[in-house]
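Dear colleague,

I am handing over the structure below, and my notes on what was found in it follow directly after. Please read them with the model open beside you.

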Amino acid sequence: MTPIQLVTLKACEDHKYAQSFLALAETRLKTIKNRDFAWWDRTLILPGEDRESETAKHLSEAHYVILLLSPNLLAAMKDRNVPRIGEIEHKLLPVMLVDVPLDGSREFHQIDRRQIYRGLPGEARSYDCLENDPQRNRFVNGFVSSMIRRIDKEHRALQDSASSNLSTPRGCSRPVPVMS
C-alpha cells in the first residue's frame, strides 16, 4: 500500500501546541484501517540542505498539507517565511491551532475560503483553548475523522472517474476519455 504523504506547516513559535496536536493526530492515524501515512515537516531538513527547494519538493509530492493556523503562522506567511499557499490550496487541511478571528479583519492568504477545522459542532474553538486531555482528544478525533472522510471522498471520486473510463491527465482539471 502506497502511503498517503502528509506535510505539516506550522510556525516555530507554536511548537508546544503543534507537537501536542500532531502527536495525538499521528497516533490516531496509525490506527486507521487500510491506510498508511508518511509525515514530513520542515524540521526534517538536514544541515546544509536548501530549505526552499526541500520544502517545495515535499509540498509537490504531498497528498495533503496539514496547516496549523495561528497568528504566528499568518505573520510568517506575510513575511514570506512559509511557502505560497495558492500553489497547494487544493491539498490543505487547515486546523485552528491558536485562535485567529474569522471576522475578515486578518489576512488569511485565502485560506479562509476553505473550511477550517475548529472542533466539533457546538465546541468550535482552537486547539490552544482546550483545557484538558479529554477536550484535546475530542478535538483531534474530530479532525482525524474529518480528514479520513475527505480522503475517502476523493478516493471514491477517483474510482468513479476510472470506472467511467475517464482519466485526468496531469495539468488538466477535468477528466478526459481514455483511449483503449
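In this predicted model, L68 has V95 of strand β4 as its bridge partner. The strand β3, which covers residues 64-69, runs parallel to β4 and is joined to it by five bridges. Both strands belong to an open sheet of four strands, in which the order is β2-β1-β3-β4 and the pairing is parallel. Because β2 (37-41) and β4 (92-96) stand at the edges and have a single partner strand each, one side of each is left without a neighbour in the sheet. On average, and with direction ignored, neighbouring strands of this sheet are turned by 25° against each other.

Two helices that pack on the sheet come next. Helix α1 touches β1 (4-9), β2, β3 and β4, and its direction makes about 165° with that of β2. Helix α2, residues 51-61, touches β1, β2 and β3, and the direction of α2 makes about 135° with that of β1.

Helix α1 (residues 15-30) also meets helix α4 (residues 133-163), their axes coming within 9 Å and crossing at roughly 55°, which means that α1 is oblique to α4. The crossing in which α1 passes α4 is right-handed. On the α1 side the contact is made by S20, F21, L24, A25, R28 and L29, while α4 contributes R136, N137, F139, V140, N141, F143, V144, M147 and I148. Sorted by class, this contact of α1 with α4 comprises 10 nonpolar, three polar and two charged residues.

Technical notes
Residues numbered from 1 in each chain as written. Predicted model: local features only at pLDDT ≥ 70, side-chain atom pairs only at ≥ 80, totals over all residues. Heavy atoms only, no water. Axes fitted to C-alpha atoms, helices over the stretch in contact; angles between N-to-C directions. Parallel < 35°, antiparallel > 145°, perpendicular 65-115°, else oblique. Left-handed = near helix turned anticlockwise from the far one by under 90°. Contact = heavy atoms within 4.5 Å. Nonpolar A, V, L, I, M, F, W, Y, C, P; charged D, E, K, R; others polar. Pairing = 2+ DSSP bridges.
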